[in-house]
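Reader: I'd like to learn how to read loops and helix packing in a model. Can we walk through one together?
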Amino acid sequence: MDSKIAYTKVGDYYLPNLTLTESKFKNYQLGKYGRMRLNYLKNYKKAEYIILFMDNKLYEHLYNIDLECQNQFEILMKQFAEKEHITEELKVSNQMEWVQKMNSIKHSVDEILIKEYIYN
């Protein structure tokens, strides 16, 4: 495969005409976990970020992380709520206790997902 790169003269320099192909994931609105992963890659894993970007796989990677985290979040929230016996009856009878317990579970689930998917 003989590929030739075209160049454009800008001032005294010749710059390659590089373009990225459109990704079907480019228009996906990243959620919390996708944005966290992007930030982590940009700040702490620059080489991995550049490789994913240059291979045009960055948005697909972020989409997959975001989707997996959202799915795991739902599953873990239900499992933890069942384990802690947090029910709709508790929500009706004592809203403040229910909110406190659900927030505690949410923070625990967030920590798990961040450790497993964002910083891994």
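**Loops and a helix pair**

Author: Asn56 sits in the loop between helix H2 (46-54) and H3; helices here are DSSP runs of H or I with at least four residues, numbered from the N terminus. This is a predicted model, where local features need pLDDT of at least 70, side-chain atom pairs count only at pLDDT 80 or more, and totals for chains, interfaces and linings use all residues. Residues are numbered from 1 along each chain as its sequence is written, and side-chain values use heavy atoms, with hydrogens and water left out.

Reader: What is phi of Asn56 near?

Author: Most residues other than glycine have a negative phi. Asn56, though, has a positive phi, near 60°. Asn56 is partly exposed at 23% relative accessible area (buried is under 20%, exposed over 50%, partly exposed in between, with a 1.4 Å probe and protein chains only).

Reader: Where does His85 lie?

Author: In the loop between H3 and helix H4 (88-93). His85 also has a positive phi, about 60°, without being a glycine, and His85 is exposed at 63% relative accessibility.

Reader: How do H1 and H3 pack?

Author: Two packed helices are described by the angle between their axes and the distance between the axes. For H1 (residues 32-44) and H3 (residues 58-83), that's about 135° and 7 Å. Axes are lines fitted to C-alpha atoms over the stretch in contact, and angles run from 0 to 180 degrees between N-to-C directions. H1 and H3 are therefore oblique to each other (under 35 degrees is roughly parallel, over 145 roughly antiparallel, 65 to 115 roughly perpendicular, the rest oblique).

Methods. Helix = DSSP H or I, 4+ residues; strand = E, 2+ residues; numbered from the N terminus.
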